[in-house]
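I open the notebook on helix packing and a pocket. The model goes here first.

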Amino acid sequence: MLETLTADTVWMLLACSVAFLLGGLVKGTLGVGLPLVAVPLLSLILGGHRAIALVVAPVIYSNLLQALEGGLLKDSVRRFWPMMLAQTVFTVLTIQLTLDLSARDFNQMVAFSVLLALALMTFTPQFTISPGREKWASALVGGLSGLMGGVSSLTGPIIITYLMSLKLQREEFVGCISIIYLAAAVPMYLTMYGYGRMENADLVSSVIGLLPMALGLAAGKRLRTRLSEKAFRRVLYVFLLILSVLLVLR
């Protein structure tokens, strides 16, 4: 029993460590992208349900720090509450609707989400939202990101594309997006835990994953000064494309 438990635990921690090391490397280099790398990589090894559960600690921890440092909590909630509300509702509903999906179907939905994210990051749609339409647009974006989040937890590309259309200043952008991410993550993980998609062992492994994430983050910050962002993005896109294909074929 001890040998089986040890083998299972070592395998899960190794997979978690490698995924978060690479996720931290990407985030340290580009400033974003931890779940975008960690979730599909873990999905390939452990399955989509468990992969999403294992990113809980790094996602909440990193976004909570940014949300508190930005000092924009009240302003962000006042401005983007339609997005946060729609995002929460659609995330919870999507999780409920996908409870009976097989592991293969769930992995394919994660793969589709990664491909959609790649398309948004590659082509970067350009549009402008007028102040009079912002609340309705925010609600629509919240609904779309909730659907994507409930399936894969990868809400970032949709939200980033939308916030870029609002022409926010850099510090305002970082502060707002971390609060929006946090508002999406908390109900998503609570719902997953309530439906049994997340277990206590996953939470422990996720907390342990903070260490390799920090190592990757530090390495990524050093790499940022030695490798052009354009070249790194090309490597990242090819890597994610390969992961998506493998998830579909798995």
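Entry 1. I began with helix 2 and helix 6, and helix 2 passes helix 6 in a left-handed crossing. I call a crossing left-handed if the near helix is turned anticlockwise from the far one by less than a right angle, and right-handed if clockwise. Helices are DSSP runs (H or I, at least four residues), and strands are E runs of at least two, numbered from the N terminus.

The model is predicted, local features need pLDDT of at least 70, side-chain atom pairs count only at pLDDT 80 or more, and totals for chains, interfaces and linings use all residues. Residues are numbered from 1 along each chain as its sequence is written, and side-chain values use heavy atoms, with hydrogens and water left out.

I looked up the contact (heavy atoms within 4.5 Å). Helix 2 brings Leu36, Val39, Pro40 and Ser43 against Asn107, Val110, Val114, Ala117 and Met121 of helix 6. By class, this contact of helix 2 with helix 6 has 7 nonpolar, 2 polar and no charged residues. For classes, Ala, Val, Leu, Ile, Met, Phe, Trp, Tyr, Cys and Pro are nonpolar, Asp, Glu, Lys and Arg are charged, and the others, Gly among them, are polar.

Then the geometry. Helix 2 (residues 34-46) packs on helix 6 at about 150°, with the axes 10 Å apart. That makes helix 2 roughly antiparallel to helix 6. Angles run from 0 to 180 degrees between N-to-C directions, and axes are lines fitted to C-alpha atoms, for helices over the stretch in contact. Under 35 degrees is roughly parallel, over 145 roughly antiparallel, 65 to 115 roughly perpendicular, and the rest oblique.

Entry 2. How do helix 6 and helix 7 cross? Their axes come within 9 Å and cross at roughly 135°. That makes helix 6 oblique to helix 7. The crossing of helix 6 and helix 7 is left-handed. Phe106, Met109, Val110, Ser113, Leu116 and Ala117 of helix 6 touch Met148, Val151 and Ser152 of helix 7.

Entry 3. I turned to helix 7 and helix 8 (residues 156-165), which pack at about 165° with axes 9 Å apart. They are therefore roughly antiparallel to each other. Helix 7 passes helix 8 in a right-handed crossing. In helix 7, Glu134, Ala137, Ser138, Val141, Leu144, Ser145 and Met148 meet Ile158, Ile159 and Tyr162 of helix 8. The residues of this contact divide into 7 nonpolar, 2 polar and 1 charged.

Entry 4. Last, I checked what lines the second largest pocket. Its lining includes Met109, Ser113 and Leu116, along with Leu144, Met148, Val151 and Ile158. Helix 6 (103-123) and helix 7 (134-152) are the elements that give two or more residues to this lining. The lining residues divide into 8 nonpolar, 2 polar and no charged. A pocket is an open set of points on a 1 Å grid over the protein atoms alone where a 1.4 Å probe fits, with protein on both sides within 12 Å along at least five of seven lines; lining residues have an atom within 4 Å of a point.
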